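Please look over the structure shown here before reading the briefing, which is meant for someone meeting it for the first time.

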Amino acid sequence: MIREIPRSFMVGASITLIVLVALYFFTRIPSGGETLRVQSAGSKLGGEQVAYSGGDKCATCHQRVTPDIVYQYASSSMGKSGVKCEDCHVVDRNNPMGHDHEGFFITGEPTPKQCARCHVRETDEYLHSRHAGPAWMALTGFDDFSPEQKKQTEQISELTLGPNGIPTALRNSIFDMEGPNVTPAACQSCHEIGKPNKDGSIGNCNKCHLRHEFSLAQVRKPEVCGQCHLGPDHPQDEIYKESAHGVMYATEGEKWNWDQKPGRLTTSDMPAPTCATCHMSGFGGQGTTHEVGTRLTKYLFAAVSTDRPNGQQNRLAMQEVCANCHSQTFIKNVYQRADSVTSFVNGKVAEASAIISGLIKDNIITSKPFATQISFDAFDLWHYYGRTAKFAAYMQGPDFVQWHGVYPMLKQLNEVKEDAAELRRLHRSGRRP
């Protein structure tokens with residue numbers, strides 16, 4: 001005998017079936033090769049649709065909660081080549097930067113450890129550059145580095161701790177003086193490009209390669225470098241804008257071929273260089289590099305500039321880039337003038353340093369950094385004006401050599417001399433400076 005199915009059972013089963021169908025359509029994981037149509041929510045992007053060949057569960061959900069991020073990634077070369085969100089964000093269970101998220105163990109901030117899964121050479125070059133560990137050392141020394149991270153950083157050939165190398169003591173003093181109420185919103189923001197990470201890696205590729213588009217055009221434009229290389233202590237962005245190179249970029253740059261493949265750039269693509277062209281791009285006979293010091297001759301950031309370990313070899317590499325547009329005579333003259341300015345600045349900085357050392361030796365002032373006004377004045381002399389003059393001489397920014405560099409440096413040196421004379425007079429009279 002067939003028994004009648006209860007009505008309550010039928011209603012419950014129907015509701016369960018509807019819920020299961022809804023869950024399937026909203027949470028199913030497409031296969032790796034499936035194409036997901038992504039539409040921008042931003043009005044500026046005009047609601048443009050792009051295909052995301054790496055469509056996955058992450059994109060399906062985030063298209064609802066953060067649609068522009070999904071759109072940016074779908075527009076990127078990585079998205080178009082099938083790299084999925086989890087390829088960068090999913091990490092091992094023992095990764096201290098990971099956490100559970102919708103069935104995955106992910107990090108919200110992929111580090112060079114994840115980038116190195118595909119970009120092995122680029123990551124290795126970066127880790128051997130001053131953009132890596134030395135950038136954070138300038139704030140804290142080795143305090144934040146694990147033994148392994150310290151050992152890795154010490155292998156960087158340009159890491160020098162001598163008096164003409166990294167002025168760590170002076171910078172550490174400012175970092176400590178300003179403290180946590182200031183530094184997270186100030187110096188840390190740029191120097192984090194080399195901050196040690198809890199997963200054992202160092203640095204942050206996103207400082208230059210802005211996520212999630214990872215645009216070649218974006219990273220080749222000077223505004224990316226100008227995020228940090230600007231202002232009175234390293235005004236490369238302002239100097240570039242004054243130079244003929246910067247003027248060509250400002251007036252003709254929109255016509256340049258910004259998306260040319262790495263290593264294939266020529267003057268047909270970019271008739272004038274940007275920061276990336278000179279320092280990193282594959283251009284002419286020079287290959288692409290993420291070791292930003294390999295074309296630099298001297299430590300221009302230091303108080304007194306000396307040659308880098310491979311300075312002359314680096315110089316030839318940079319000059320090979322210049323030779324794509326300029327004659328050897330032109331290049332030789334530019335370098336001779338820049339070397340002359342550097343020697344001049346070095347002499348004036350050494351003169352100021354000798355004055356400060358003399359005051360300390362005679363117990364007129366303390367050796368503690370920034371304990372007296374004259375130590376601030378001597379710092380400004382090289383850290384602002386001396387640096388500016390040297391950078392501008394090599395980048396061909398004459399106004400920054402003259403009126404933002406050498407002239408205020410000479411004025412500052414005169415103030416240091418007058419301050420020192422007054423301190424000695426007070427000391428002789430028995431009055432405490």
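The model is a predicted one. In its largest nonpolar core, which has 25 residues, Val-341, Val-345, Leu-381 and Val-401 touch the most other members. Elsewhere the structure holds 1 disulfide, and the count of salt bridges comes to 15.

**The largest nonpolar core**

- Val-345, which has its place in helix H18 (residues 328-361), counts as buried because its relative accessibility is 0%.
- Once neighbours within four places in sequence are left aside, Val-345 is in contact with Gly-386, Ala-389, Lys-390 and Met-409.
- The C-alpha atoms of Val-345 and Gly-405 are separated by 9.3 Å, although these two residues are 60 residues apart along the chain.
- Val-401, again leaving aside neighbours within four places in sequence, is in contact with Val-341, Ala-389, Ala-392, Ala-393 and Val-406.
- Apart from this core lies another core, of 13 residues, and among them are Leu-127, Ala-132, Phe-145 and Phe-175.

**Helix H19**

- H19 is largely enclosed by the rest of the structure, because 17 of its 23 residues are buried.
- With 23 residues at 1.5 Å a residue, H19 should span 33 Å, and this agrees with the 32 Å that lie between its end C-alpha atoms.
- A kink of about 30° in H19 is centred on Gly-386, a residue that is also in contact with Val-345.
- Gln-396 follows H19 and has a positive phi, near 65°.

**Salt bridges**

- Asp-100 and Arg-93 form a salt bridge in which the closest N and O atoms are 2.7 Å apart, and both of these residues are exposed.
- Arg-121 and Glu-125 also meet through their side chains in a salt bridge, with 2.8 Å from N to O.
- Both Arg-121 and Glu-125 lie in helix H7 (residues 120-127), where they are 4 residues apart, about one turn of the helix.
- In general, an α-helix has 3.6 residues a turn, so residues three or four places apart point the same way.
- A salt bridge joins Asp-307 to Lys-298, with the closest N and O atoms 2.9 Å apart; Asp-307 is partly exposed, with a relative accessible area of 36%, whereas Lys-298 counts as buried at 18% relative accessibility.

**Cysteines**

- Cys-190 and Cys-228 form a disulfide, with their sulfur atoms 2.2 Å apart.
- The torsion about the S-S bond of Cys-190 and Cys-228 is about -100°, so this disulfide is left-handed.
- This pair links distant parts of the chain, 38 residues apart, since Cys-190 is in helix H11 (residues 187-191) and Cys-228 is in the loop between helix H13 (222-225) and H14.
- Cys-190 is partly exposed, with a relative accessible area of 26%, and Cys-228 likewise counts as partly exposed, at 24% relative accessibility.
- For Cys-115 the closest cysteine sulfur is that of Cys-205, and because the two sulfurs are 3.7 Å apart they are too far for a bond; Cys-115 counts as partly exposed at 24% relative accessibility.
- Cys-225 is in no disulfide, the nearest cysteine sulfur being that of Cys-275 at 4.0 Å, and Cys-225 is partly exposed, with a relative accessible area of 25%.

- Asp-237 lies in helix H14 (residues 236-242) and is buried, because its relative accessible area is 13%.
- Not counting residues up to four places away in sequence, Asp-237 touches Pro-222, Gly-226, His-229 and Leu-230.

Notes
Residues numbered from 1 in each chain as written. Predicted model: local features only at pLDDT ≥ 70, side-chain atom pairs only at ≥ 80, totals over all residues. Heavy atoms only, no water. Helix = DSSP H or I, 4+ residues; strand = E, 2+ residues; numbered from the N terminus. Buried < 20%, exposed > 50% of the residue type's maximum accessible area, 1.4 Å probe, protein only. Contact = heavy atoms within 4.5 Å. Core = buried A, V, L, I, M, F, W, Y, C linked by side-chain atoms within 4.5 Å. Salt bridge = Lys/Arg side-chain N within 4 Å of Asp/Glu carboxyl O. Expected span 1.5 Å × (residues − 1). Bend = angle between axes of the 7 residues up to and from the residue. Disulfide = S-S within 2.5 Å.
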